[in-house]
Amino acid sequence: MTSNRHNEAVLDAARACVLAYGVRRTTLTDVARRAGVSRMTIYRRWPDVRSLVADLMTREWVAVVSGLDLSDPVPAIVAGVRALRGHPLWRKIVEADPELLLPYLLDRRGASHEAVLALLEPAVGGPARARAVLLVAQSFLLSAPTMLDPVTLDDLDVELAALLEAYLG
């Protein structure tokens, strides 16, 4: 079994490779070289780049949302959307490899969704509300750039807060 230390080094290396080349141009050989481990070390844990990047996305997104103070959920959720929107890995994936996100939008929940739901459920009043809030936040994260002009992202974040206040109020 690969040690957690190796896992973190590999995820760090994968992050650097994806930021430099994008997901499609990143290879497990590139990641192994950058992490200073053998390819077999990586293959024992991840069979391909997509599974490695899925774990990387989970680590990165969960780190963002885990730092939010959900005692006041509305500003925390808006701050989380802003933080994810500005996250370098998020921006790179959306710009270079957006198709990587489609399974998580259309087919299944990922580990990141599960982690966010676990944080939201007690903060917003249960599973159904947490899912509704996540869907709204996700739409503002993904689609807000398509709604700009004449409004700004800041304007849309104010509207997200208003929607959440009305719903969670």
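Me: Why is G86 called partly exposed in this predicted model?

Reply: The relative accessible area of G86 is 38%. Buried requires under 20% and exposed over 50%, with partly exposed in between; the value of 38% therefore places G86 in the partly exposed class.

Me: What makes G86 part of a helix, and which helix is it?

Reply: G86 lies in helix α5, which covers residues 73–86. A helix is a DSSP run of H or I with at least four residues, and residue 86 falls within the run 73–86, so G86 is assigned to α5.

Me: How far apart are G86 and L141 in sequence and in space?

Reply: In sequence, 55 residues separate G86 and L141. In space, their C-alpha atoms are 9.9 Å apart.

Me: How do you know which pattern the protein follows along the sequence?

Reply: The protein has ten helices and zero strands. Read along the sequence, the pattern is α-α-α-α-α-α-α-α-α-α.

Me: What share of the residues counts as buried, and what makes a residue buried?

Reply: Of the 169 residues, 41% count as buried, because each of these has a relative accessible area under 20%.

Me: What share of the contacts between residues at least 6 apart in sequence joins residues at least 24 apart?

Reply: The share is 61%. A pair counts as a contact because heavy atoms of its two residues lie within 4.5 Å.

Me: Which side chains make up the positive and negative sets, and how far apart are their centres?

Reply: Lys and Arg count as positive, Asp and Glu as negative. The protein has 19 positive and 20 negative side chains, and the centres of the two sets lie 10 Å apart.

Technical notes: Residues are numbered from 1 along each chain as its sequence is written. This is a predicted model: local features need pLDDT of at least 70, side-chain atom pairs count only at pLDDT 80 or more; totals for chains, interfaces and linings use all residues. Side-chain values use heavy atoms; hydrogens and water are left out. Helices (H or I, at least four residues) and strands (E, at least two) are DSSP runs, numbered from the N terminus. Buried means under 20% relative accessible area, exposed over 50%, partly exposed in between (1.4 Å probe, protein chains only). The place of a charge is taken as NZ of Lys, CZ of Arg, CG of Asp or CD of Glu.
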